[in-house]
Every structure is written in C-alpha cells, then in structure tokens.
Amino acid sequence: LDDKALLQSPVPGVELKFVHVNGVRLRVASAGPSTGDLVLFVHGWPECWFSWRHQMLAVAKQGFLAVAPDLRGFGASDAPLRREAYDCATVCADMVALLR
C-alpha cells in the first residue's frame with residue numbers, strides 16, 4: 001500500500017498521519033481538539049492503534065486530544081530489523097519523542 005492509502009482512517013473522527021520520532025516513522029491516530037489535554041493510548045502485542053478506536057472517540061468527545069500510535073514494528077509504522085530496536089527503553093523513548 002502507498003502512504004496515501006495507509007493514512008485513510010476507517011473510523012470517522014479519527015485522523016491518521018506519519019510522525020518521525022527517535023529514528024523511525026510511526027503512524028499515529030488522533031481524535032479530538034488539538035487544544036485539548038493529551039491522552040496517550042499505547043497498544044500491546046499484537047495490536048495497533050485501531051484497538052483503541054472506541055476509547056479514543058469517547059475521550060475526544062469529552063474535549064481531550066486522544067493519540068494512539070502504531071508502535072514500531074506494528075501496523076504501518078517502521079519495523080527496524082535489529083531485535084535490539086524493540087527493547088523497552090527504545091519504545092519508551094519513541095513515546096516521549098512523540099509527546100514533544
């Protein structure tokens with residue numbers, strides 16, 4: 001699939017975009033006002049942002065900015081080849097960079 005297809009959200013009210021953080025490109029879903037307090041949803045294995053779609057819309061309806069990335073190696077995010085690229089500290093660094 002090309003980037004345009006990967007950024008077409010199947011959920012009305014949820015926008016998808018690519019963000020470069022910590023040396024990788026993550027696909028990130030968001031819903032709600034950009035001025036709202038941010039709520040970060042982080043999926044487990046073997047999930048993706050889509051797992052949070054119902055919660056994201058509920059949180060957005062309350063005025064928050066709901067954000068849910070596809071973690072590295074999942075969904076449409078980059079998948080580095082080295083196993084070491086998936087340790088807890090690296091994935092946490094991705095989330096910190098995303099919040100900045």
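Ser30 sits in strand E2 of what is a predicted model. Is this serine buried or exposed? Its relative accessible area comes out at 18%, and since the cut-off for buried is under 20%, Ser30 counts as buried. Look past its neighbours within four places in sequence and you'll find Ser30 in contact with Gly13, Val14 and Glu15, then Met56, and also Leu65, Ala66 and Val67.

Now follow the strand itself. E2 covers residues 24–31 and pairs with E1, residues 15–21, in the antiparallel sense, with seven bridges between the two. Together E1 and E2 make a hairpin, with two residues between them. Click on Asn22 in that turn and you'll see a positive phi of about 50°.

Zoom out to the sheet. As a reminder, strands of a sheet pair through backbone hydrogen bonds, either parallel or antiparallel. Here there are four strands in an open sheet, ordered E1-E2-E4-E3, and the pairing is mixed. Which strands are at the edges? They are E1 and E3 (38–40), each of which pairs on one side only. On average, neighbouring strands of this sheet are turned by 30° against each other, direction ignored.

H2, made of residues 53–61, lies across E2, E3 and E4 (65–69). Relative to E2, H2 runs at about 55°. That brings us back to Ser30, whose contacts include Met56 and Leu65.

Key:
Residues are numbered from 1 along each chain as its sequence is written. This is a predicted model: local features need pLDDT of at least 70, side-chain atom pairs count only at pLDDT 80 or more; totals for chains, interfaces and linings use all residues. Side-chain values use heavy atoms; hydrogens and water are left out. Two strands pair if DSSP finds at least two bridges between them. Buried means under 20% relative accessible area, exposed over 50%, partly exposed in between (1.4 Å probe, protein chains only). Contact means heavy atoms within 4.5 Å. Axes are lines fitted to C-alpha atoms, for helices over the stretch in contact, and angles run from 0 to 180 degrees between N-to-C directions.
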